[in-house]
Amino acid sequence: MNPRLPKLHPNITAYIPMVGGIIALLQPYAEGAIHDLRTGKIAALYNNISKRKVGDPSAVTELGIEVKDFPDFFEPYYKTNWDGRKLKCTSVTIRDENGVPIGLVCINFDTSVFENMQTQLHSFLKLKGEGGLNPIDEFAGNWQQQATAFIEEYLAKRHVALTGLAKAQKTELANQMYDHGFFNYRDAATFIAKTLSVSRATIYNYIREAKGKA
């Protein structure tokens, strides 16, 4: 456990062995993360495929809703990893003795390796009905306004216009937006790529290049 983090609530600590066992079973295809909602940080991480670290800000802080509204678990949803791989994900709410949400267990499963076996694995990959919404998409409101404000703040701090951004600056901006959770929103990569006047593939190349040096 990261010594920089405050002591975890016992109810969160109780989930650590279970998450570790599940990820050991599903390795190397799955990642498990435990988020402390009180600090808004990642408290534990197993089989890291997302290039995050214990102590990093949780993407759940971008939800913009009261934690009391969290369901017991989120219907499985898809999101895109930093390298463009598709991840099938779910999150389970951890509550304290009063039923108040204090943490999240997030399981992210890399389905890209099974794309060539889709027929055989159709029953596994198919989501219930239309599938659950990414909770960040569902609750966060107008994320495009948030993304635009983030970009404008970046430009203002560097006294540069959007059209004057060099490749290195676009790479830095794309990675900062990834680290702040914007890529968890549906169609975010397309929106950001269009804003920066590059292709969607180029956006992921920026992220892959920076994470590869990390």
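A residue counts as buried when its relative accessible area is under 20%, and as exposed when that value is over 50%. These terms are applied here to a predicted model.

The protein contains eight helices and five strands. Along the sequence, their order is α-α-β-β-β-β-β-α-α-α-α-α-α. Of the 214 residues in the protein, 44% are buried. The protein exposes about 11,500 Å². Carbon and sulfur atoms supply 54% of that area. Contacts between residues at least 6 apart in sequence were also examined. Among these contacts, 54% join residues at least 24 apart.

Helix H5 was considered in detail. H5 covers residues 143–158, which makes 16 residues. At 1.5 Å a residue, H5 should span 22 Å.

Which residues of H5 are buried? They are Trp143, Ala147, Phe150, Ile151, Tyr154 and Leu155. These residues cover an arc of only 135 degrees around the axis, and therefore lie on the same side of H5. The other side of H5 carries exposed residues, Gln145 and Glu152. The cover over the buried residues of H5 includes two further helices, H6 (167–179) and H7 (188–195).

The residue just after H5 is His159. His159 takes a positive phi of about 50 degrees.

Technical notes: Residues numbered from 1 in each chain as written. Predicted model: local features only at pLDDT ≥ 70, side-chain atom pairs only at ≥ 80, totals over all residues. Heavy atoms only, no water. Helix = DSSP H or I, 4+ residues; strand = E, 2+ residues; numbered from the N terminus. Expected span 1.5 Å × (residues − 1). Buried < 20%, exposed > 50% of the residue type's maximum accessible area, 1.4 Å probe, protein only. Arc of directions from axis to C-beta. Contact = heavy atoms within 4.5 Å. Areas by Shrake-Rupley, 256 points an atom, 1.4 Å probe, with all protein chains shown as cover.
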